Amino acid sequence: MESINQFFKNIGTFIGRMTPSQVMMLLGVGAGTIAGTVILIGWINTVSYTRLYSDLSASEAGDVATYLDTQKIPYQLSNGGTVIEVPSSDVYKTRIALAAEGLPRNGNMGYSIFDENNLGMTDFLQKLNFRRALEGEITRTIMEMDEVKSARVHIVMPKQRLFKDDQKKTTASVLLKLKGNNGLNRTQISGITHLVAASVEGLSPDNISIVDYNGNLLTSGDRDDPLAGLSSSQLDVRKQVEEYLQTKSQSMLDDVLGVGKSVVRITADLNFQQIEKTAESFDANNPSIRSEERVVNSASLADKTEETAESNEENSSETVITNYELNKTVEHIVNAIGNIDRLSVAVMVDGIYAPVEAEDGSTEYVYQPRPQEELDRMAAIVKNSVGFDSQRNDQIEMVNIAFDRQNMQDEQEMLDSMYMWDFYLEIARKLGIVLMLAFIFLIARKKSKKLFAALGKLVPAPRVIRQEVEQPVIEEEQDELQPVPEEKRKQTIVDRMQKTAQGQPEEIAKVIKTMMIE
């Protein structure tokens, strides 16, 4: 007990000898140590949660939460209950266990609904389950697309009627929730439409409606009008042809003149008329026998007279009917769709900017038009690249004109100024950090000097030491009563600190710790 009181007494004496700034620093270091320890312990004991499933419906989240409660697996709900998080160490094991239980169901039962044997089920319930299973299977197939986040499919199957005129058509509707803002193109929408139509008996693509999550109708009414649908396809084909020809010619000019020195635009008139021709040709100089008929007539006359009883005379004739037919050639010709009827090519080429020395000695660039021979050569290059045909009445126009690059220069200057401003800010930030570190270093150096100056006063003289060092200590105390020179005094303090370090190393260790904290 006495040692404990002496310990606290020494601490109080030690703190009493410190300056107010040293006391505040000691308190700050102690509070920081305690706070850091608490934070470290809390961080070690904190459980890291990882997302198990997201975008769950209320029923799906309820099923998953019930299973986790049954298995006593900790979890967290976020984002309005649509996201479930579990400890990071259990996420994969939990997913496998939930998959074995068929969770989450995603609202799509599929044909697994028939795995359960329900005795006494009526025909109505059988048909209802079949429709539910079909909707679930189609939904799963649609959700395999990368662009689709979730989907719902509804199918209406009317009852079978006795008469065909009374039979109603099968219809279907598809609700899609897409990923991001990219959406689906026309080909993908058509693919989903025909997928649903091919999966349901008696369902026509015209009776399928596809709507996105925002209520936008993705299936247009063009399918009811074949001409309108064809016009849309024609525009797509025309755009592809024009872009293809423009890319070919533009790449060649960029290699010759440089990027940004020319602009090529092409308009292609395509022929989408599908014409079927049937031609018959006859060869009058080379007829062929179609049929031939031969008729032979014969007669026998007998003269019976008294004078010549054995006299006979025979008479015969032949008739030939021949039918001829001219050779005929029948041709059935179907013209190809999308042939190029005419091309219109427009090319703008920038001129030459020659350096000219001004009166003040600066260099200016003056626009000069390109020679006509050079323009003709470039026009020939463009013609060959796009397949120019004068018999189709193709046209090409190449103009040499000065490009207005003032806006581009202004944008470049603005970007340069923004870059320089960011560069200066970065330099100022780094310079501020260096100055702050230098200021902290100077303050720490000044505080350390004060600490070293007060070190001799903070270390108390030993009261109880070994017998062999008592006499020198008494002598030193007597020397302190007498005036001594400054050099001798410093040497005496150093000797005292050395002896104190040998006799009381714990006290010196405390002083060194205080100096390091300061």
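A residue is called buried when its relative accessible area is under 20%, exposed when it is over 50%, and partly exposed in between, as judged with a 1.4 Å probe and protein chains only. By that rule Arg370 is buried, because its relative accessible area is 13%.

The model is predicted, so local features need pLDDT of at least 70 and side-chain atom pairs count only at pLDDT 80 or more, while totals for chains, interfaces and linings use all residues. Residues are numbered from 1 along each chain as its sequence is written, and side-chain values use heavy atoms, with hydrogens and water left out.

Start with helix H3, residues 58–70. Helices (H or I, at least four residues) and strands (E, at least two) are DSSP runs, numbered from the N terminus. H3 has 13 residues and spans 18 Å from its first C-alpha to its last, close to the expected 18 Å; the expected span is 1.5 Å times one less than the number of residues.

Which residues of H3 are buried? They are Glu60, Ala61, Val64, Ala65, Tyr67 and Leu68. These residues lie on the same side of H3 because they cover an arc of only 160 degrees around the axis, where the arc is that of the directions from the helix axis to the C-beta atoms. On the other side of H3, Ala58, Ser59 and Thr70 are exposed. The buried residues of H3 pack against strand E1 (49–53), strand E3 (83–87) and helix H4 (91–100); contact here means heavy atoms within 4.5 Å. Just after H3, Lys72 has a positive phi of about 55 degrees.

Next come the charged pairs. A salt bridge is a side-chain nitrogen of Lys or Arg within 4 Å of a carboxyl oxygen of Asp or Glu, and the structure holds nine of these salt bridges. One of them joins the side chains of Glu137 and Arg140, at 3.9 Å from N to O. Both residues lie in helix H5 (residues 123–142), three residues apart, or about one turn of the helix. An α-helix has 3.6 residues a turn, so residues three or four places apart point the same way. Glu137 is partly exposed because its relative accessible area is 23%, and Arg140 is partly exposed because its value is 38%.

The buried Arg370 has a salt bridge with Glu374, in which the closest N and O atoms are 3.0 Å apart. Another salt bridge joins Asp394 and Arg392, whose closest N and O atoms are 2.7 Å apart. Asp394 is buried, with a relative accessible area of 7%, whereas Arg392 is partly exposed at 24%. Arg238, Glu242, Asp269 and Arg342 are linked in a network of salt bridges.

Val237 lies in helix H7 (residues 226–257). Val237 counts as partly exposed because its relative accessibility is 35%. What does Val237 touch, not counting residues up to four places away in sequence? Val237 touches Leu270 and Phe272. Val237 and Leu270 are 33 residues apart in sequence and 8.9 Å apart in space, C-alpha to C-alpha.

The last stop is on the surface. Ile433, Met436, Leu437, Phe439, Ile440 and Ile443 form a nonpolar patch with about 610 Å² of accessible area together. Patches are made of residues with over 30% relative accessible area and no salt bridge, with like charges joined within 9 Å and nonpolar side chains (Val, Leu, Ile, Met, Phe, Trp, Tyr) within 5 Å. Accessible areas come from the Shrake-Rupley method with a 1.4 Å probe, and for residues only the protein chains shown count as cover. Ile440 is in helix H9 (residues 406–453), and Ile440 counts as partly exposed because its relative accessibility is 46%.
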